[in-house]
Amino acid sequence: MGEFKSENNTKLINFRDYFLSIVMGLLYVLIVITFPLFLAFTYRPFYYCQISIQNLIESSDYSYLEIKNAFDELMNSLIFNEEFSLGVFPYSEEGMNHFLDCKGLFLLSNVTLVVSSLLFFILLIVIKYKKIKLKKLFNLSFYSWFSILLVIVIGSFAIYAIADFYGAFNLFHKILFPGKSNWVFDPVTDPIINVLPTEIWMNYGIILGVLYLFFILLPIIKDIIEVRKKKRLSLQGNM
């Protein structure tokens, strides 16, 4: 009877450890997806540099300060849920509705970031306190496996974007805003598009790609180092 209980306890512990390993991996990937987005779009100087690089003053007939303030007010609305405004730039109802759609996506991303981060660190404390050893699959943690899956998804889209950026740009909007066309701006009614050209989003894509790559590679490199260390120690022990 005692052996039966012991076997059941072992199975429950294994199930708990695998479950926690998978949950931690999923939470890590959610943080990896959302944190770079928040970081990239809250770091305003990146856009400020683009004003000169992309010659936005000449192409829009607005001053540097007007463009800067318009971007700041737009980002404050999208990311920090402030009242919608584009500064001195006029806008159509369709244009405003698209930005409000974007606002919903940013809100979802921010909530996901906060919730997943809180759960991740709470579970991390529990794991450390209970001395739980997270499971691995073929010597790789679930942090790494979910990161590899993310690499495949993002990498596939990145390859498509390199081959046809405008095609990828359109596909991206069709996926995020199904059945809508208000993301196609008319420069006459929505001149803000003149200071938000496709080239800027291309540069943001590059920055996000670098940030994603950094966070994705962290657990993978850590696992590879640990595997090599174990092999080295094993060889030393056999000697």
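**Salt bridges and helix packing**

Arginine 16 and aspartate 17 join their side chains in a salt bridge, at 2.9 Å from N to O. Keep in mind that you're looking at a predicted model. Seven salt bridges turn up in the structure.

**The first pair, up close**
- Arginine 16 counts as partly exposed because its relative accessibility is 35%.
- Aspartate 17, on the other hand, is buried, with a relative accessible area of 7%.

**Bridges across the chain**
- Aspartate 101 and lysine 180 also meet through their side chains in a salt bridge (3.0 Å, N to O).
- Aspartate 101 sits in helix H5 (residues 93-130) and lysine 180 in the loop between H7 and helix H8 (198-238), so this pair ties together parts 79 residues apart in sequence.
- Lysine 180 is partly exposed, with a relative accessible area of 42%.
- Another salt bridge pairs the side chains of lysine 136 and glutamate 226 (2.7 Å, N to O).
- That pair links distant parts of the chain, 90 residues apart: lysine 136 is in strand S1 (residues 136-137) and glutamate 226 in helix H8.
- Lys136 and Glu226 also belong to a salt-bridge network with Lys222 and Asp223.

**Where H6 meets H7**
- The axes of helix H6 (residues 142-163) and helix H7 (residues 165-176) come within 5 Å and cross at roughly 130 degrees, which means H6 is oblique to H7.
- On the H6 side, Phe157, Tyr160, Ala161 and Ala163 meet Phe165, Gly167, Ala168, Leu171 and Phe172 of H7.
- The residues of this contact split into eight nonpolar, one polar and no charged.

**Around H2**
- Helix H2 (residues 45-53) has buried residues including Phe46, Tyr47 and Ile51.
- After H2 comes asparagine 55, with a positive phi near 55 degrees.

How values were computed: Residues numbered from 1 in each chain as written. Predicted model: local features only at pLDDT ≥ 70, side-chain atom pairs only at ≥ 80, totals over all residues. Heavy atoms only, no water. Axes fitted to C-alpha atoms, helices over the stretch in contact; angles between N-to-C directions. Helix = DSSP H or I, 4+ residues; strand = E, 2+ residues; numbered from the N terminus. Parallel < 35°, antiparallel > 145°, perpendicular 65-115°, else oblique. Contact = heavy atoms within 4.5 Å. Nonpolar A, V, L, I, M, F, W, Y, C, P; charged D, E, K, R; others polar. Buried < 20%, exposed > 50% of the residue type's maximum accessible area, 1.4 Å probe, protein only. Salt bridge = Lys/Arg side-chain N within 4 Å of Asp/Glu carboxyl O.
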